[in-house]
Amino acid sequence: MVPVSYYLILAAILFTIGMASFLVKRNVISVFMSIELMLNAVNLTFVAFSHMWHQVSGQIFVFFVMVVAAAEAAVGLAIIIALFRARQTLSIDQVDLMKN
Amino acid sequence: MQANPYIWQYFPLAMQILIALAMAGGMITASFLLGKHKRNKTKLSAYECGMDPVGDARGRFSVRFYMVAMLFILFDVEAVFTLPWAVIYKQLPHITGNPFFGFWEMFIYMAFVGVGLFYVWKKGILNWSNDRADL
Amino acid sequence: MHLSPLITFLLLSLLKIVVVLVITLTAVAYTVLLERKLLGRMQNRWGPSRVGPFGLLQPLADGIKLFLKEDMMPLAVERPLFVLAPLIALGCALMSIAMVPFGAPTPITVNGVTIDIGQIADVNIGLLIILGITSVGVYGIALSGWSSNNKYSLFGSLRASAQLISYELALGLSLVGVVLRAGSLRLRDIVDSQSAHGALSWNILGGFQIIAFFIYMMSAYAETNRAPFDLPEAESELVAGYHTEYSSMKFAMFFMAEYANMITVACVASVMFLGGSGSPFGHVFDHVLNNAVFNFLLPCLWFVAKVIFFIMLYIWVRATVPRFRYDQLMSFGWKFLLPIAMLNILATALAMALHSKV
Amino acid sequence: MSNNLLALLPEIILTVAGVLIMLAEPMIAPGKSRKPLGWLAILGTIGSMGAAVQQHIVTDRAGNLPITAFYGTIQFDNFSVFFHLLIACIVLAVLLASLDYFEGPVSHAGEYFALLCFGATGMMLMTSSVELLLVFIGLEISSITTYILAGFRKGQATASESSLKYFLLGSFATAFTLYGIALAFGATGSTSLAVLAMTLHSSMTPTLALLAVAMMLIGFGFKVSAAPFHVWTPDVYQGAPAPVVALMSTAPKAAVFAVLLRLLFNGAPALRGEWLLLVTILAVASMCIGNLGALAQKDVKRLLAYSSIAHAGYLLVAFTCFQADAVSAACFYTAAYAAMNVGALLVITQLGGFDEHLRSIEDFTGVGLKRPFLTALLGFFLVSMIGIPFTGGFFGKFYVFSAAVHAGHTWLAVVGLLNSGVACFYYIRLLVALYSKPAAQKEVSVGKASPVAAVALIACALGTLALGIAPGKLLNLLQRSAPTLETGPSESELQPAAVPTSAVASITR
Amino acid sequence: MNFDHTILSLIVFTPLVGAAVLALLPEREGSKLHAAAALVVTLLTFFFTLHLPTYFRYGVSGFQFEQNSVWINSPAIRYHLGVDGLSMWLVVLAGLLAPLGVLASWKAVATRTKLFYTLFLLQQVAMLGIFVSLDLFLYYGFWELSLIPMALLIAAFGRTENRRKAGVKFFLYAFIPSALLLVAMLWLYTKTGTFDFPVLAALAAKGQLATSHHALWLCSLAFLAAFAVKVPVFPLHGWLSDAVQEAPTAAVMVLAGKLGLYSILRFSFGIFPAESHYIAPLLIALGAIGIVYGALLAWVQNDLKKLAAFSTLSHVSFIVLGIFSFTILGINGGVYQILNESLIGAALFILLGLLYERYGSYDMRDYGGLATKHPWMVTMFVVTGLAAVGLPMLNGFVGEFLILAGTMQSVATHHILWTVVGTTGVIFSAAYMLTLIQKVFYGKLGVRSTEVAGFDLNAREHVELWPLAILFLVMGVASPFWIKAIDPFATSASGQVQHLISAPKHLEMETYVPATTQEVR
């Protein structure tokens with residue numbers, strides 16, 4: 001049987017990857033995807049812990065996280081489309097109208 | 001049956017998935033190997049009713065497709081939520097002591113979904129025939 | 001020789017899988033033939049009749065031909081995705097069959113390992129997995145259209161994806177009613193929940209899921225891009241839709257995928273609504289032919305019968321109903337099927353609540 | 001009335017109002033005015049206030065003890081009631097001020113009102129929930145609505161930019177919060193604050209819990225725009241519509257601060273020694289970065305953004321103090337800040353109009369001569385932000401820093417007050433600009449306040465003044481509500497929660 | 001009926017109500033409505049302030065006309081007003097200067113009158129509040145409140161383009177130290193649990209404020225710094241000349257001196273006697289330096305306002321010198337000189353304002369030979385100038401004499417030496433004052449004075465100046481009338497400290513010898 005710590009470490013790694021790519025990626029969509037990755041890392045953590053504690057609440061939490069992620073995805077895509085229509089670009093670097 | 005460990009019931013599934021993919025892959029490679037390859041310009045250009053293709057297919061298309069995608073995300077998640085409820089629905093009366101608990105739960109839930117649907121509907125996101133909707 | 005239980009188990013299930021897949025593929029091939037035949041008859045012509053007796057070898061011929069055709073890959077395509085697309089499509093189509101209980105539970109024991117030959121994988125979230133795999137199938141179509149970088153393909157695949165995801169909602173919701181009655185996502189339990197009094201306790205009759213049944217059938221037709229919802233490959237508008245650029249076996253694979261999906265849908269439909277492998281007469285005739293072989297074969301027979309019935313239905317509908325317009329298609333899915341499905345869930349829940357006694 | 005219903009009544013009322021608006025919105029012809037919907041929203045807000053007051057009455061009868069509902073996941077007490085009322089007031093003011101805010105045929109005003117209602121629901125939920133799952137949900141409801149609201153002026157490119165930035169960094173923060181919650185769950189096996197507290201007291205080496213608290217601090221730090229997690233604030237505030245800025249610079253922050261108070265003082269008092277350091281760092285950083293950053297700003301909304309960062313810093317100072325003091329001080333400061341900041345931004349809304357043609361400080365030069373009334377109000381709010389006595393701003397600072405000194409963190413008070421010294425520089429710059437003759441003769445058209453908006457503005461001003469002159473009443477309420485933080489839901493209330501989970505468990509097997 | 005318990009509130013809040021009324025009055029171009037209203041309000045206030053000297057119990061130490069009620073339970077903040085000999089005259093003074101200020105700006109401020117007079121009245125409120133409030137919190141409130149209107153007056157009604165910078169500069173100079181003041185107050189509160197000045201003073205006298213002397217020491221520094229900037233004491237006068245140059249006459253009249261000095265006398269001496277005494281030598285030195293420095297700079301100025309500014313610096317430094325000698329005479333003189341300085345400064349600035357109204361310049365070189373054109377104005381100028389340089393029979397003399405005498409009789413030789421230095425300031429002040437008068441009014445006609453046809457004092461200006469002139473004379477000859485009110489305070493303030501010197505170990509000791517407190521009370 002695989003020990004819980006493996007899952008946790010995996011989750012931590014995923015989270016870190018997500019964080020890193022959030023910071024380095026330059027395309028809005030990729031940035032957005034890296035956020036999703038972080039969320040899923042969290043989900044993994046939850047599931048692992050809920051297995052460890054024999055508590056279902058963790059998995060329920062995952063459910064809600066997924067829902068919220070979906071809602072965020074919907075809103076986020078809408079915003080991104082709006083941005084694209086306004087600016088014709090998806091590059092973070094060109095989203096800089098507001099510098100004093 | 002009950003002798004086998006819980007996890008075993010997933011092994012056949014995994015195998016099925018692998019085999020299915022393998023089979024598909026095999027078909028592709030097989031046809032690639034068996035089929036002959038005589039290329040020429042016409043074959044290699046995109047099909048456009050025999051004309052020379054105009055530009056490529058990377059243009060922008062109606063925003064309605066995005067709309068449908070977003071709506072799908074939302075409604076699908078809502079649909080997913082109904083499944084666990086449906087699974088324990090039979091036991092809810094025994095847990096809560098009220099036979100209608102589960103029903104009202106889902107009623108309120110569906111009411112919210114319904115409101116959302118109604119809103120989208122009335123906003124005209126769903127009619128593809130005309131562009132009255134403000135997208 | 002002696003094998004560890006796990007190895008035995010794996011080997012046995014491998015055996016099951018191979019058998020089932022072979023049957024499925026054959027079924028696919030002959031469904032094509034059947035369709036052509038029936039259509040021919042309905043349109044008052046012969047259909048394929050040259051190759052072999054009654055054209056029975058036609059599928060074989062087609063297969064060989066397609067294998068030997070040159071598979072062209074235009075320069076403009078995204079090669080990896082272009083190749084990946086049919087793979088996903090067919091793969092997903094062949095996966096979900098694993099959940100389906102095609103026969104009565106028949107445990108047999110081979111050197112200490114009991115295994116059920118009535119079903120490949122008896123998983124407690126079977127239905128969920130089927131739905132999941134179906135929605136993964138969308139990727140095949142979307143990718144194919146996008147990767148082949150051709151306007152017809154693109155529009156075809158866009159339409160197809162939009163259509164598939166739209167109808168997936170109604171499809172998923174229509175099955176909730178059944179889950180409500182069964183109280184489980186395990187297909188086996190769902191079948192058992194209908195086995196009490198034969199046809200009378202099938203969900204379609206005894207379960208008052210007839211509405212759900214129709215919702216399911218309609219959205220299933222859309223899911224499989226079948227007439228009257230076959231807009232993605234509407235020849236008159238889009239040449240061949242998303243697989244315009246495909247040739248030889250890749251093209252064939254989309255074709256097979258479509259028919260395999262039909263079969264899966266038929267299986268699921270019969271499991272969910274027609275009591276799966278249960279006989280319409282319930283346990284009335286159990287005491288007549290009561291031996292192991294019959295106990296295994298009869299249910300399979302019933303099951304196959306139901307599946308064939310559904311396939312016939314498919315063909316019949318294709319032959320009779322004209323194609324939808326795209327806006328009609330969308331509004332039908334969103335404005336009619338979806339609300340009805342939601343109402344159906346509530347109605348079922350209410351009925352059960354009224355009947356439940358604490 | 002059953003506690004369960006009462007516990008959620010304010011939220012329920014607001015939700016119903018929002019839903020009704022959403023239902024009514026598509027029915028109204030596109031060209032028509034959406035004002036009735038605005039009134040509906042106002043009605044809902046007032047209703048939820050009433051419900052909150054009812055809660056207060058009930059808790060009073062129960063002798064100021066917290067009352068829990070829904071298996072000990074919701075808890076209403078004077079604390080939550082205070083925040084409910086505060087949030088409701090903020091939303092009410094914003095609604096009143098933006099009734100006549102929209103123009104043009106496709107204004108989406110209806111959605112705006114609905115979103116305000118839903119956002120308020122989320123924030124209120126956060127303040128009254130003692131279960132991290134609910135906290136998370138409330139947080140998301142409020143965040144997602146504010147993401148949308150931030151980009152509400154569809155035309156402007158800056159609007160969509162600001163909403164994009166807010167969205168990306170907001171979700172980034174959410175991920176951190178979630179990870180923190182997950183770790184907390186891992187450390188204690190539960191996401192209920194009460195259980196958290198109990199377990200943490202017993203557990204010997206709470207490394208995991210510590211990590212969890214740190215992660216949550218990061219996440220919430222983003223939400224309250226505390227440095228070094230403040231990067232999004234200026235851009236978002238600059239691009240977002242002014243009334244929305246008025247909302248999202250106060251109400252969600254108030255809610256998150258409420259959560260932080262519950263989390264740190266109620267959930268993880270055992271780790272006080274550890275998180276104290278983190279909070280102190282956050283506080284100092286926010287104060288310094290906020291004020292120094294503001295010095296360089298020319299755009300007024302950017303300036304206010306930085307000032308809001310700084311104010312978050314002052315507020316965090318309160319967290320470093322002894323329990324009772326800290327809680328009431330933080331609450332009071334939140335209220336004071338809300339009153340003055342909402343007021344200021346609403347005045348800017350009225351002056352700038354929908355297209356916000358008044359942006360830089362230079363644009364505001366000499367406005368005082370054109371709109372004496374509005375400008376006087378704005379000046380008053382600025383004065384309060386500087387922390388000139390007899391205003392809420394001053395008493396808030398005074399109370400927070402006296403708490404800090406009382407806790408022995410005199411140096412924090414010194415840093416804070418020196419910062420407010422720096423702060424007054426940019427405030428006074430704006431204030432002076434308002435009242436001095438416009439340098440160039442460029443004619444800026446200045447909007448005027450509609451009567452309804454005027455009511456809201458005067459209400460804000462009176463609030464600010466009252467908090468400065470007669471804070472006694474509120475302080476009493478807060479000082480009485482503070483102790484309820486320590487007493488979470490009891491064992492017996494937690495038990496029923498086990499039943500459904502076990503049922504689900506039996507099924508997943 | 002007896003107003004004694006409400007009179008102070010009345011005095012403080014009359015201008016506030018006035019300000020509110022003014023803010024509501026409609027504004028029309030060129031109408032004198034607001035000016036008139038402001039004049040009425042200020043006169044009314046002044047009338048109320050006269051109640052104090054009439055019913056004041058002279059020769060009694062401690063506070064009178066007290067009003068003391070709870071404001072906020074926790075933190076314990078009281079609404080505590082009261083005056084003693086120190087603040088009583090200052091209140092009256094402030095009351096007197098306000099109407100003069102209004103008159104002085106009658107013509108000078110033509111546009112935005114509403115804004116101007118509203119701010120002016122708010123400033124008045126703050127100033128009166130500072131003088132009468134005995135609760136630290138309340139006091140701090142008024143103290144901070146006094147900044148905003150002044151800053152706005154400077155920034156919005158300044159003379160040159162430099163006005164905004166001057167306003168902000170003034171504000172920052174005043175605000176940042178007072179932030180530290182707030183910290184110190186909070187610290188005191190946490191140690192003692194009260195903001196009430198009398199209580200704190202009593203505790204201080206018993207030496208029971210706090211155990212940690214370092215903290216107490218820092219505290220006192222925070223207090224002193226905040227006040228010293230407002231005075232301003234020598235090195236902290238950076239804001240003064242800019243502010244004076246920009247500020248309109250009415251504002252300038254109340255800009256420097258009183259507030260800071262009063263606060264030092266009241267709070268630094270009251271709450272930190274030991275510390276104040278300990279730091280006295282430094283301030284004596286600074287005072288002396290300030291006198292000379294100010295005077296010298298004033299001497300070389302061509303800009304009249306700058307000159308006035310630096311003369312102000314040198315005068316207030318005189319007062320600092322006096323009060324930090326901690327002798328009865330010195331403190332008496334100091335307080336008395338505060339009154340004089342304000343009156344003289346007021347007169348001087350009014351006169352300069354008149355010149356500016358006529359000739360539109362503050363540059364000395366533009367003037368000359370005005371004596372023949374404006375006999376009345378020159379008279380006033382001369383009187384003021386002489387009062388400033390401290391000619392016997394005029395008030396300036398009394399103050400300076402008391403101060404110098406006081407410091408001379410102080411015990412430490414260090415003080416004596418610095419006093420000698422300071423005394424030279426008298427000579428310099430005479431020098432610049434007389435040069436000013438000479439350059440402006442005598443000699444051949446200056447450029448401006450030839451081309452512009454200026455007129456002599458008109459009725460309004462007479463009304464502005466005569467009361468001041470008369471006061472110079474009266475206060476010069478009848479000083480005891482004022483001193484007898486101030487004396488008790490001076491005695492207690494110095495007396496306390498005198499004792500503390502005789503017990504020099506207080507700086508490292510635990511508790512004082514309690515005997516002294518009876519002697520003081």
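Of the 135 residues of chain B, 24% count as buried. A residue is termed buried if 20 or more other C-beta atoms lie within 10 Å of its own, exposed if 12 or fewer do, and partly exposed in between, with C-beta atoms placed from the backbone. The model is predicted, so local features need pLDDT of at least 70 and side-chain atom pairs count only at pLDDT 80 or more, while totals for chains, interfaces and linings use all residues. Residues are numbered from 1 along each chain as its sequence is written, and chains are lettered from A and ligands numbered from 1 in the order in which they are written.

Chain B contains five helices and zero strands. Its pattern along the sequence is α-α-α-α-α. Helices (H or I, at least four residues) and strands (E, at least two) are DSSP runs, numbered from the N terminus.

Chain B is touched by chain C. Here 74 residues of chain C are in contact with 66 residues of chain B. Contact requires that the C-beta atoms of two residues, placed from the backbone, lie within 7 Å. Several elements of chain C each supply at least two residues of the side that touches chain B, among them helix H1 (5-42), helix H5 (151-182), helix H9 (248-273) and strand E2 (113-116). H11(C) gives the most to this side, with 15 residues.

Chain A has three helices and zero strands. From the N terminus on, its elements run α-α-α. The radius of gyration of chain A is 17 Å, well over the 13 Å that the globule rule gives for 100 residues, so chain A is more spread out than a compact globule. This radius is taken over C-alpha atoms, and the globule rule is 2.2 Å times the number of residues to the power 0.38. The C-alpha trace of chain A spans about 50 × 25 × 25 Å along its principal axes. Of the 100 residues of chain A, 37% count as buried. Among chain A contacts between residues at least 6 apart in sequence, 48% join residues at least 24 apart.

Chain A also packs a helix against chain D. The axes of helix H2 (residues 28-53) of chain A and helix H6 (residues 157-188) of chain D come within 9 Å and cross at roughly 15°. Axes are lines fitted to C-alpha atoms, for helices over the stretch in contact, and angles run from 0 to 180 degrees between N-to-C directions. H2(A) and H6(D) are therefore roughly parallel to each other. Angles under 35 degrees count as roughly parallel, over 145 as roughly antiparallel, 65 to 115 as roughly perpendicular and the rest as oblique. The crossing of H2(A) and H6(D) is left-handed. A crossing has this hand if the near helix is turned anticlockwise from the far one by less than a right angle, and is right-handed if clockwise. H2(A) contributes residues including Val31(A), Ile35(A), Met38(A) and Phe46(A) to the contact. The H6(D) side includes Leu164(D), Leu168(D), Phe172(D) and Tyr179(D).

Helix H9 (residues 213-230) and helix H12 (residues 258-271) of chain E pack at an angle of about 160°, with their axes 7 Å apart. H9(E) and H12(E) are therefore roughly antiparallel to each other. Their crossing is left-handed. Phe223(E), Leu224(E) and Phe227(E) are among the H9(E) residues in the contact. Those of H12(E) include Leu259(E), Ile264(E) and Phe267(E).

Strands of chain E also pair. Six bridges join strand E1 (residues 64-72) to strand E2 (residues 77-83) of chain E, and the two run antiparallel. Pairing requires that DSSP finds at least two bridges between two strands. E1(E) and E2(E) form a hairpin with four residues between them. Gln67(E) stands opposite Leu81(E) in E2(E).

Backbone exceptions occur in chains D and E. Most residues other than glycine have a negative phi, and most peptide bonds are trans. A cis peptide bond joins Ala227(D) and Pro228(D), with omega about 0°. Pro228(D) is found in the loop between helix H8 (207-223) and helix H9 (232-239) of chain D. Another cis peptide bond joins Val231(E) and Pro232(E), with omega about -5°. Pro232(E) sits in the loop between H9 and helix H10 (238-246) of chain E.

Tyr71(D) is not a glycine, yet has a positive phi of about 55°. Tyr71(D) lies in the loop between strand E1 (67-69) and strand E2 (74-76) of chain D. It is partly exposed, with 19 other C-beta atoms within 10 Å.
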